[in-house]
Amino acid sequence: MRIGYIEVRSALSRSGLPDIDYALNPYAGCAHGCIYCYARLYTRPRDAAENWGSMVYVKRNLIEVLRREVKRFRRGVVGVGTITDPYQPIEVREVLTRRAIELLLENGFAVSIQTKSPLILRDLDILRSHPGRVDVGFTITSLDPEKARFIEPRAPDPRSRAAALKRIADACVETWIFLGPVIPGINSSMDEVVRIVELAAETGSKLLVDKLHVKRFMWGGPLEAYARRALRYPWRRFFEDVLRLCRDYGVRCIEGLAEPSEERSRGLATLDRYMR
Ligand code: SF4
């Protein structure tokens, strides 16, 4: 893993979403290296985008810039990790996400965090101390570690994400699960989905479901065969089956059919916000 450092002029960017006011991403690039990750399309510097998963830039002056912005900007909801995972391994050393969240909450902002990493438990003290102003979403595409390793080679084991989700929900912090992308032939079986719906029911989490959005970078790589299948997949039927399942389990479920955009590259995490 190569690590670089960059200086930024702004920490918060406008999200353009109805109920997420700002986006904050402490790192450019992501060490988790998910093979389906759309974030490479929206990442600068280019070397991080072109070597997805092996080059991460740290926004060195993020906290300094954020400290000025929290005084000037109107209070609102900040999506943390709207492009890349804010709790990827470099966060252990840099502690940018923790410091940013602390600063935001102390200054009256709310945060909505999305991650694949149980490292977020390190910050549970902060998260639980601001009731009503924090929600945490875990991306769980499959609870099968083999499948997860194929599509998310360096992300934490999904069982550890589930365990972290339970601890956060137990601490009375609002939680949600992002099941996406659903890739036909990998994680599209109802057996697979049931396990995730059960987890949502157990933790009182909302479930957000998104399909695979086929992109040019998928051709010629390990996703190509699946991407071809996704183009012909009966998504409507799939989503209806998931909605029915969620109803049976009393889980609130939101399906996603929209293309991710730059501000919304964490996928359905944000589409949810358009819909609720
Ligand atoms: S999908 Fe998320 S966790 Fe995976 S590489 Fe992209 S930003 Fe990182």
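**View 1. Salt bridges across the model.** A search of the whole structure turns up 16 salt bridges, a salt bridge being a side-chain nitrogen of Lys or Arg within 4 Å of a carboxyl oxygen of Asp or Glu. Side chains of opposite charge can pair when their charged atoms come close. This is a predicted model, so local features need pLDDT of at least 70 and side-chain atom pairs count only at pLDDT 80 or more, while totals for chains, interfaces and linings use all residues. Residues are numbered from 1 along each chain as its sequence is written, and side-chain values use heavy atoms, with hydrogens and water left out.

**View 2. Glu50 and Arg46 in helix H1.** Here Glu50 pairs with Arg46 in a salt bridge, with the closest N and O atoms 4.0 Å apart. The two sit 4 residues apart in helix H1 (residues 46–50), so about one helical turn separates them. Helices (H or I, at least four residues) and strands (E, at least two) are DSSP runs, numbered from the N terminus. Glu50 is exposed at 59% relative accessibility, and Arg46 is partly exposed at 45%. For these words, buried means under 20% relative accessible area, exposed over 50%, and partly exposed in between (1.4 Å probe, protein chains only).

**View 3. Helix H8 and its two charged partners.** Lys147 and Glu192 meet through their side chains in a salt bridge (2.7 Å, N to O). Lys147 belongs to helix H6 (residues 145–151) and Glu192 to helix H8 (residues 190–203), so this pair ties together parts that are 45 residues apart in sequence. Lys147 is partly exposed at 26% relative accessibility, whereas Glu192 is buried at 6%. Now find Glu202, which forms a salt bridge with Lys166, their closest N and O atoms being 3.6 Å apart. Glu202 is in H8 and Lys166 in helix H7 (residues 158–170), so parts that are 36 residues apart in sequence get tied together. Glu202 counts as exposed at 55%, and Lys166 as partly exposed at 30%.

**View 4. Helix H2 alongside helix H4.** The axes of H2 (residues 62–72) and H4 (residues 96–106) come within 10 Å and cross at roughly 10°. Axes are lines fitted to C-alpha atoms, for helices over the stretch in contact, and angles run from 0 to 180 degrees between N-to-C directions. On the H2 side, Leu62, Ile63, Leu66, Arg67 and Val70 meet Leu96, Arg99, Ala100, Leu103 and Leu104 of H4, where contact means heavy atoms within 4.5 Å.

**View 5. Burial along H4.** In H4, 8 of the 11 residues are buried, so the helix is largely enclosed by the rest of the structure. Among the buried ones are Thr97, Arg98 and Ile101. Just after H4, look for Gly108, which takes a positive phi of about 90°.

**View 6. Ser188 in its loop.** Ser188 is in the loop between strand S9 (174–182) and H8. Ser188 is buried, with a relative accessible area of 14%. Leaving aside neighbours within four places in sequence, Ser188 touches Val182, Ile183, Tyr233 and Phe238. Gly76 lies 112 residues from Ser188 in sequence and 36 Å away in space, C-alpha to C-alpha.
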